[in-house]
Amino acid sequence: MNAAPALVGYTAAVGFAAPYLLLRADWPHRAPALAAAVWHALAVSFSFGAALSAASLAMPAEHLHAGMVGLLHACGLDVGVGRPDPEIAARLAVGVPAAIGIALVASFAFHVVRARRVRSQHREAVDLVGRHSARLCATVLPYDTPAAYCLPGRDPRIVISDAAVRHLTPEQLGAVLEHEQAHIAGRHHLVLATVEAFYSVFRWVPLARHAREQTALLLEMIADDRALRSHSHEALATAMYEMASARTPKGALAAGGQSALIRLKRVLGPRKTAHPALWGSVAAAALTVPLLPVLVACPPGLG
């Protein structure tokens, strides 16, 4: 039997229903790294599902007409079309999934290269205008608004305004610098490039839009948690408040920004960690979800 109906249904559920279920859950902000992994697992699962659905729609089936005709036939619609050429079907079954994979890889490479070029140009400008501070391990820019951001990748930079150096306390400054260092050490720019690539290919799918938005927010929360390991909640929160209105250059990752209010509530609110049972079950699901389209397309024998 052709697996196309089941694959199409599963892929639609992952792309259109799963994001809203995840958005309504209250645990992602308690375990941002795990939540980011789940968003990526859903994106991978949707990509596999879309590729396998295309292959299954193109391949002839034993009891159904091939491809889209077979799907219509399974829904009770007889379109009166004969069996297509098996060679054409085989080419489509390989070519369409390959095109999806190539589009995703090419989009990822495009976003990585473009962001690297933008950061390189900005890094040159920062080196010309700013001054390196060995004490802060950062470049200080003459800017009258408290701001801080990092330029990750090769030859990374942490950039901070002289207004932030003047107005923030040493503990606030340390929390901000630790936040930016977390972005660099975690290679968060590559994580963002992944969801940007997925969005570029599947921008019409709710999963792609929400995965891009939520991943950016979750990465900031991950960096916040890194800063909170060695600095107080009050220091990080007040520093975020001071820099909430600062503008972030394209390709940079900042401690302030549009997500500052959500993160402020999280930092200052009661600290609730995810239960180990929840953490384990969600982690297992994140590892399993990308394999589900393969199991749907090629179910194991029942004996």
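In strand S2, Thr-139 is the bridge partner of His-132, and Ser-133 stands opposite Ala-138 of the same strand S2. Here strands (E, at least two residues) and helices (H or I, at least four) are DSSP runs, numbered from the N terminus. Before going further, please keep in mind that this is a predicted model, in which local features need pLDDT of at least 70, side-chain atom pairs count only at pLDDT 80 or more, and totals for chains, interfaces and linings use all residues. Residues are numbered from 1 along each chain as its sequence is written, and side-chain values use heavy atoms, with hydrogens and water left out.

**The sheet**

Five strands make up an open sheet with mixed pairing, in the order S1-S2-S4-S3-S5; two strands pair if DSSP finds at least two bridges between them. Strands S1 (131–133) and S5 (253–254) stand at the edges with a single partner strand each, so one side of each has no neighbour in the sheet. Two of the pairings look like this:

| Pair | Sense | Bridges |
|---|---|---|
| S1 and S2 (residues 138–141) | antiparallel | three bridges |
| S2 and S4 (residues 157–161) | parallel | three bridges |

In S4, Ser-161 is the bridge partner of Leu-141. The hairpin of S1 and S2 has four residues between the strands, and Cys-137 takes a positive phi near 55° there.

In a regular strand the side chains alternate between the two faces of the sheet. Both faces of S2 are covered: Ala-138 and Val-140 are buried on one side, and Thr-139 and Leu-141 are buried on the other. Buried means under 20% relative accessible area, with a 1.4 Å probe and protein chains only.

**The helix pair**

Helix H7 (residues 188–201) has 14 residues and reaches 20 Å from its first C-alpha to its last, close to the 20 Å expected at 1.5 Å a residue; that expected span is 1.5 Å times one less than the number of residues. Buried residues of H7 include His-189, Ala-193 and Ala-197.

H7 packs with helix H8 (residues 206–228) at an angle of about 170°, their axes 8 Å apart. The axes are lines fitted to C-alpha atoms over the stretch in contact, and angles run from 0 to 180 degrees between N-to-C directions. That makes the two helices H7 and H8 roughly antiparallel, a label for angles over 145 degrees. Contact means heavy atoms within 4.5 Å, and among the residues making it are Leu-192, Val-195 and Phe-198 of H7 and Leu-207, Ala-211 and Leu-219 of H8.

Technical notes:
Buried < 20%, exposed > 50% of the residue type's maximum accessible area, 1.4 Å probe, protein only. Parallel < 35°, antiparallel > 145°, perpendicular 65-115°, else oblique.
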